[in-house]
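This report describes the sheet of a protein model and the surroundings of its ligand.

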Amino acid sequence: MNKTALITGITGQDGSYLAEHLLAKGYAVHGLVRRASMFNRSRIDHLRSPGGRTGRPSVSVERLVLHYGDLADLTSVRRLLRKLAPREVYHLAGQSHVGLSFEIPEVTCQENGMATLGLLEALRDLDYPVRFYHAASSEMFGSPRSGPQNEQTSFNPVNPYGCAKAFATQLCRVYRSAYGLFACSGIAYNHESPRRGENFVTRKITLGAARIAAGKQSVLTLGNLDARRDWGYAPEYVAAMWRMLQAKAPADYVLATGKTCSVRDFATAAFAELGIKLKFSGRGTAETGRRTDTGAIVIRIAPRFYRATDPSHLVGNAALAKKALNWTPKVTGTAVARLMARADYDALMSAM
Ligand code: G4F
């Protein structure tokens, strides 16, 4: 069996865990990376250099290859597909920050919408069978009319990011039915880890908690503490991506824990893990968190972190993934907060 995979977005959180997952299964893994003046490969460095940042010997150096390319330059992508002939393509690249999608809607729609269409067109022309994973999102449900959401719930996005993902997901369905392409969309709810980008709320909280616990920062500024999300653990989600491409037939799957907690709950668990008990008073923009022992304010609220519209009631029903893929996420919400806070604190201490 040809075990060659191509990952777009390999340097991101999911891309790095997926690369590990596939390498452990014996795949040759190719990653598409954009050229930039500064390297942004810290999440996969340990896979590329013998001894890596963990000190563990890398077994994967020869089976992991990076290629310069850009989804905005489809000729280069087509050329790469011809050269590598990957049997599995995991499309994870794109502008992934929902808040930012209000600031740069055109780039967001270009990268998350049109680039996916370009990739689908390139795959449609291949003369070998290929299986395609598209990273869709719970943001497509936006303000859902029912919950928990499943694969039948209609899309109702409330931000440019969700609109672009809905466009791309529907196109995957069209290419599946019109051309028989093995295209699957993972409708993933929030999934986090110590490799999460620092401007997502979970990582912002756990890094802030670690720095405050270490005496390196005094205050953490956040937006809407009442926002609730269905938070899972990223390594479990990449396992589902792989399983989707091993299934007999292509389909879309909701990937979710089925449980939600608020930003406030997440922050409380992260700080508690590091010995700081938060006490919240009031609601809305006047809310502050306090250290009970010293009385010092450690969380402030700033309107700039509020969004023009924020999805509400996003909680997923992953029954289909459980039944068809035998996939059940185990780490949820506040447990994710605790493990991320601990990892950030330990990394900070070992760097001191
Ligand atoms: O961490 P967030 O920025 O993630 P969001 O918007 O839910 O999107 C993430 O999950 C989606 C579903 O899987 C993905 F499609 C998407 O690519 C991304 O991975 O914000 C979570 C919640 C929001 O309601 C936001 O308003 O946290 C609230 N929040 C409160 N204070 C904040 C902050 N978000 C950020 N980024 N920064 C804050 O200070």
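In E6, Phe-182 is the bridge partner of Arg-131. Strand E5 (residues 131-137) and strand E6 (residues 182-188) pair in the parallel sense over 7 bridges; pairing requires at least two bridges found by DSSP. Strands (E, at least two residues) and helices (H or I, at least four) are DSSP runs, numbered from the N terminus.

The model is predicted: local features need pLDDT of at least 70 and side-chain atom pairs pLDDT 80 or more, while totals for chains, interfaces and linings use all residues. Residues are numbered from 1 along each chain as its sequence is written, and side-chain values use heavy atoms, without hydrogens and water.

The open sheet has 7 strands in the order E3-E2-E1-E4-E5-E6-E11, with parallel pairing. Its edge strands, E3 (64-68) and E11 (253-255), each pair on one side only.

Helix H1 (residues 13-24) lies across E1, E2, E3 and E4, at about 175 degrees to E1. Helix H3 (residues 74-84) lies across E1, E2, E3 and E4 too, at about 160 degrees to E1. Contact means heavy atoms within 4.5 Å; angles, from 0 to 180 degrees, are taken between N-to-C directions of axes fitted to C-alpha atoms, for helices over the stretch in contact.

The ligand is surrounded by 24 residues, each with a heavy atom within 4 Å of it. Polar contacts, pairs of N or O atoms within 3.5 Å, are listed below.

| Residue | Polar atom | Distance to a ligand oxygen atom |
|---|---|---|
| Ala-188 | backbone | 3.2 Å |
| Arg-229 | side chain | 2.8 Å |
| Asp-310 | side chain | 2.7 Å |

Notes
Polar contact = N/O pair within 3.5 Å; in protein donor to acceptor, adjacent residues only side chain to side chain.
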